[in-house]
Amino acid sequence: MPDDHVTSILTENRVFNPPEGFSRNAHVKSMQDYENEYRHSIENPEGYWASKAEDLHWFRKWDSVLRNDCGFFKWFEGGKINVSYNCLDRHFNNGKKDKIALIFEPEYGIEKKYTYAQLLKEVCRLANALKKQGIRKGDVVEIYLPMIPELAISLLACARIGAVHSVVFGGFSADALRDRIQDSEAKLLITADGSFRNGRVYPLKENADVALLECPTTQKVIVVKRTEKSIPMYPPRDMWLHEMLADSSIEDYCEPEQLNSEDSLFILYTSGTTGKPKGVLHTQAGYLLYAAETFKYIFDIKDSDIYFCTADIGWITGHSYIVYGPLANGATTLMYEGSPTFPAADRFWRVIEKHKVSVFYTAPTAIRALAKEGEELPNGCNMSSLRLLGSVGEPINPEAWMWYYRVIGKEKCPIVDTWWQTETGGIMISPFPGATPLKPGSATRPFFGIDPVILKEDGKEAGINEGGYLVIRKPWPGMLRTVWKAPEKYIEKYYGQFPGLYLAGDNAKKDENGYFWIMGRTDDVIKVSGHRIGSAEVESSLVSHPAVAEAACVPYPHDIKGQAIYAFVMLKKGSQKTEQLKRELSQHVGNKVGPIAKPDKIQFVDDLPKTRSGKIMRRILKAIAENTKEYGNVSTLADPTVVEKLAAERVQ
Ligand code: PRX
């Protein structure tokens with residue numbers, strides 16, 4: 001068998017059909033409906049997207065739907081639009097001014113609710129304040145805030161005046177902030193006096209002060225008061241937001257800027273787990289359209305829904321599915337501050353109960369962490385309002401999927417396992433909850449207009465169940481437009497390997513039903529004896545063992561096999577770290593995936609090196625497994641001390 005095949009396949013045979021009642025009321029009611037609409041969207045994508053774009057508000061309609069400008073794609077050129085108008089004024093004008101747009105559930109203090117009318121006013125006032133500071137169309141505004149309403153309001157205020165926002169996750173360090181500001185050349189920074197997490201205050205302003213020492217472009221800093229902590233202020237650079245807004249010349253309405261479809265909307269830096277952070281650029285109309293459409297169909301959104309996404313707005317999931325997608329649909333979106341496990345591991349379940357959340361979207365890492373705590377906590381909350389669950393960010397192992405389905409969804413909520421990326425702007429592969437039969441661990445089928453294919457190294461299409469590169473053939477409106485200040489990187493990284501086709505950087509396979517199974521990044525693929533093995537597959541099989549809570553596998557050099565698998569395994573409470581269990585786990589993987597996938601080394605760990613967003617930093621695990629001691633930058637880790645602990649207990 002050629003060595004670019006993923007030879008071991010985790011077989012998952014369970015299938016879960018959408019509940020009948022759900023399908024009856026869904027936007028897409030059956031696979032037949034899905035197939036028809038999908039075929040139509042693929043046969044005539046431009047016609048399809050143009051018809052969808054009619055639903056948005058335009059100051060001026062577009063001249064061309066799509067143009068390929070030497071590999072750089074342009075959507076809806078000639079059109080004039082404003083994203084904040086579409087997210088706010090449109091609903092205000094359509095009888096939704098008193099509908100709740102945003103619910104804020106704090107870690108500390110009291111909840112806040114904003115109607116569409118109130119949110120519009122807050123956005124306009126901040127937009128006017130920004131204008132007063134000289135911010136104009138095309139200027140970059142860096143945003144380094146906790147998960148508080150001002151974060152969502154800042155995004156929309158920038159969008160209103162055509163400023164380009166660049167959000168830096170509030171858990172990032174001063175260095176990470178500095179690197180991003182330097183690259184984006186932001187004129188102004190919006191930050192806060194601190195953020196609450198796990199009962200502690202994280203020093204945002206102090207970090208910003210350090211970062212700004214090396215950021216000459218940023219001459220102004222707006223500071224939101226979130227804590228009672230006293231912080232250094234350096235006027236005239238630093239200004240309190242509440243003082244700025246108290247100025248009587250700040251009006252409650254701000255005329256929306258009429259922007260070109262392809263004007264920049266935001267830059268978002270990818271996690272930086274490999275090399276320097278890359279600024280992914282998204283533009284106005286196409287991004288908005290794609291976030292809006294995917295949100296409507298994948299979350300099957302209804303006017304009565306209360307939608308809760310647990311992501312941080314510092315990541316693309318928060319941009320597209322806390323702010324832009326929900327608000328473009330006139331939905332009620334809930335954002336929370338803090339962490340899933342503080343003050344207790346029932347935080348999510350309590351929020352769901354309190355606000356009668358109907359659609360819940362979270363990440364597998366959170367599901368696994370909470371599943372580890374047992375069923376008592378979720379069972380202690382009334383979550384009968386839930387009708388749909390979602391997952392994003394990494395492959396969800398079937399065991400976690402089943403727990404989510406059974407314990408949280410009570411076997412009545414479909415789960416949408418949504419595959420997408422910062423670069424794709426919105427969800428690309430996902431079930432349609434009223435139509436798609438679910439297979440735990442599969443993101444299932446593509447969204448309308450999305451044309452994914454699995455290619456082998458030689459560019460030929462992979463066979464059924466044969467692993468390969470996940471590639472998207474047709475352009476779509478939500479796609480990134482370029483890498484900020486590095487257009488050559490955009491072409492090389494995304495369109496270099498298979499010219500003209502978007503390379504996702506993920507390894508995947510397609511099964512006999514046309515379902516996609518994402519198996520991890522191509523850089524996480526482990527070649528054992530010339531065979532490629534998806535690390536996610538090995539991890540899934542390990543996690544399916546009753547003793548295992550979480551696992552991460554990386555390659556390390558092996559004399560005979562070339563590469564072998566090193567597994568870092570976190571056990572569930574009560575499991576003993578014994579040599580016998582190691583043997584059992586190895587055998588378990590052999591049985592589940594195939595003998596070739598058995599880890600040669602297993603290290604039991606108490607914690608894994610994760611970014612604050614919960615992504616495991618494999619580069620660090622690889623360095624430990626390879627004993628290179630070249631861990632690189634560990635400052636973005638939630639807890640940098642885990643690295644030393646893991647290295648000290650490395651399996652020889
Ligand atoms: O490897 C895929 C994984 O996350 C990557 C994108 O990461 P990021 O740009 O941070 O965006 C995350 C949120 C959209 C992908 O290349 N990924 C994301 N969703 C899934 C996934 N892997 C498997 N299944 C998913 N549902």
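**View 1. Helices H17 and H18 are oblique to each other in this predicted model**. The axes of H17 (residues 535–543) and H18 (residues 579–592) come within 9 Å and cross at roughly 120°. Axes are lines fitted to C-alpha atoms over the stretch in contact, with angles from 0 to 180 degrees between N-to-C directions. Angles under 35 degrees count as roughly parallel, over 145 as roughly antiparallel, 65 to 115 as roughly perpendicular and the rest as oblique, so H17 and H18 are oblique. H17 passes H18 in a right-handed crossing (the near helix is turned clockwise from the far one by less than a right angle).

View 2. The side chain of Asp506 has an N or O atom 2.5 Å from a ligand oxygen. For Gln421, a side-chain N or O atom is 2.8 Å from an oxygen atom of the ligand. Pro395 places a backbone N or O atom 3.4 Å from a ligand nitrogen. On its own the ligand has 540 Å² of accessible area, of which the protein covers 89% (Shrake-Rupley method, 1.4 Å probe).

**Notes.** Residues are numbered from 1 along each chain as its sequence is written. Local features need pLDDT of at least 70, side-chain atom pairs count only at pLDDT 80 or more, totals for chains, interfaces and linings use all residues, and side-chain values use heavy atoms, without hydrogens and water.

Key. Polar contact = N/O pair within 3.5 Å; in protein donor to acceptor, adjacent residues only side chain to side chain. Helix = DSSP H or I, 4+ residues; strand = E, 2+ residues; numbered from the N terminus.
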